[in-house]
Amino acid sequence: MKKFLLLLGFLSAFPVSAEAQSQSEISAIVHGEGLAKLNCSTCHSIGLSGESPNKDAPAFRTFSSYRSITLIGWELMNKDWGEHRKMPQFQITADQVRDILEWIRWVQPVPHGRRLVQKNCSQCHAIDMNDDSAHPAAIPFRNISVFYPVEALEEAFAEGIMTGHPDMPEYEASPDQITAIIAYLNSIQENVRQ
Ligand code: HEC
Ligand code: HEC
């Protein structure tokens, strides 16, 4: 396994408008964030980081690890929380549900990680399934697992492990950003070990 360099520096955050596809998508996400702040943030952590004020309420960004986001929309719409009796009842319209879901999807690790690598790594690395790396020596991210487990990067990020990669800039990532990048990288691996 080759060693790699990922020093700690700050991965920049970005406004919704920097990444969303269309104006209507941007307004849906922003509206969804507003609704979530108003109706959900007294108990849940609704954003890309942070603890839930109510420790029994899972952070929104963890939902995709154990739930279907679409099903959450169905539950909100039908006020059907099954055994989740601590959830309050909401009077909510279909449009509001759609926008809250847009927000919930926005904060999930895979799309969050996609935005982070787009912003911080794509100047050199291929970050999707069919693109080429802009820097000829930079590995396409979909091939990382050919050389080592994607999880090895987590340690590299956390510990700032380095070797000589002159062209590679320094990064600092928060634990939530590291989780998001790893989740995204895992989602695109081709898994062709040869
Ligand atoms: C008064 C506190 C409170 C508010 C406000 C609240 N929740 Fe919750 N929510 C909880 C608690 C506590 C749980 C976990 C325990 C449970 O399910 O009852 C939970 C669980 C959930 C779950 C996960 C259910 C599961 O399967 O684990 C989802 C999804 C959810 N809430 C969405 C929302 C959304 C969306 C809003 C705002 C529209 C919201 N919650 C507002 C307290 C709250
Ligand atoms: C300015 C160009 C540039 C940027 C930006 C960049 N890299 Fe790299 N990266 C490289 C180059 C060049 C190499 C190959 C260096 C070598 O093997 O000597 C590399 C290698 C790597 C490797 C493999 C190291 C190994 O041991 O094979 C990983 C993993 C990696 N980069 C991750 C990232 C991540 C994650 C980001 C964004 C947070 C990023 N890179 C941003 C240029 C860049």
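The secondary structure of the protein chain consists of 7 helices and 0 strands, and from the N terminus on the elements follow the order α-α-α-α-α-α-α. Of the 194 residues in the protein chain, 24% count as buried. Among the contacts in the protein chain with a separation of 6 or more, 66% are accounted for by residues 24 or more positions apart.

The mean pLDDT of the protein chain is 83, with 77% of its residues reaching 70 or more. Confidence is highest in helix H3, at a mean of 96, and lowest in helix H6 (residues 151–159), where the mean is 78. Over residues 1–13 the pLDDT stays under 50, although the model has 35 contacts beyond four places in sequence for this stretch. Where pLDDT is low, the predicted coordinates should not be read in detail.

Helix H3 (residues 94–106) packs with helix H2 (residues 69–78) at an angle of about 150 degrees, the two axes lying 10 Å apart. Because an angle over 145 degrees counts as roughly antiparallel, H2 is described as roughly antiparallel to H3. The crossing of these two helices, H2 and H3, is right-handed. On the H2 side the contact involves Ile69, Ile72, Gly73, Leu76 and Met77, which meet Ala94, Val97, Ile100, Leu101, Ile104 and Arg105 in H3. When these residues are sorted by class, the contact of H2 with H3 comprises 9 nonpolar, 1 polar and 1 charged residues.

Leaving aside its neighbours within four places in sequence, Ile72 is in contact with Phe63, Arg67, Leu101 and Ile104. Of these residues, Leu101 is 29 residues from Ile72 along the chain, and the C-alpha atoms of the pair are separated by 8.0 Å.

The loop between H2 and H3 contains Pro88, which counts as exposed because it has 10 C-beta neighbours inside 10 Å. Pro88 and Cys40 are 48 residues apart in sequence, while the distance between them in space is 9.5 Å, C-alpha to C-alpha.

Helix H3 also packs with helix H1 (residues 23–39), here at an angle of about 95 degrees and with the axes 7 Å apart. H1 and H3 are therefore roughly perpendicular to each other, the range for this description being 65 to 115 degrees. Ala28, Ile29, His31, Gly32, Glu33, Leu35 and Ala36 of H1 make this contact together with Gln96, Arg98, Asp99, Ile100, Glu102, Trp103 and Trp106 of H3. By class, the contact of H1 with H3 has 7 nonpolar, 3 polar and 4 charged residues. Ile100 of H3 is listed both in the contact with H2 and in the contact with H1.

A further pair is formed by helix H4 (residues 109–120) and helix H7 (residues 175–188), which pack at an angle of about 95 degrees with their axes 7 Å apart. H4 and H7 are therefore likewise roughly perpendicular to each other. From H4, the contact draws on Pro109, Val110, His112, Gly113, Arg114, Leu116 and Val117, and from H7 on Gln177, Thr179, Ala180, Ile181, Ala183, Tyr184 and Ser187. The residues in the contact of H4 with H7 divide into 8 nonpolar, 5 polar and 1 charged.

Note on methods:
Residues numbered from 1 in each chain as written. Chains lettered and ligands numbered in written order. Predicted model: local features only at pLDDT ≥ 70, side-chain atom pairs only at ≥ 80, totals over all residues. Axes fitted to C-alpha atoms, helices over the stretch in contact; angles between N-to-C directions. Helix = DSSP H or I, 4+ residues; strand = E, 2+ residues; numbered from the N terminus. Parallel < 35°, antiparallel > 145°, perpendicular 65-115°, else oblique. Left-handed = near helix turned anticlockwise from the far one by under 90°. Contact = placed C-beta atoms within 7 Å. Nonpolar A, V, L, I, M, F, W, Y, C, P; charged D, E, K, R; others polar. Buried ≥ 20, exposed ≤ 12 C-beta atoms within 10 Å, placed from the backbone. pLDDT = per-residue confidence, 0-100.
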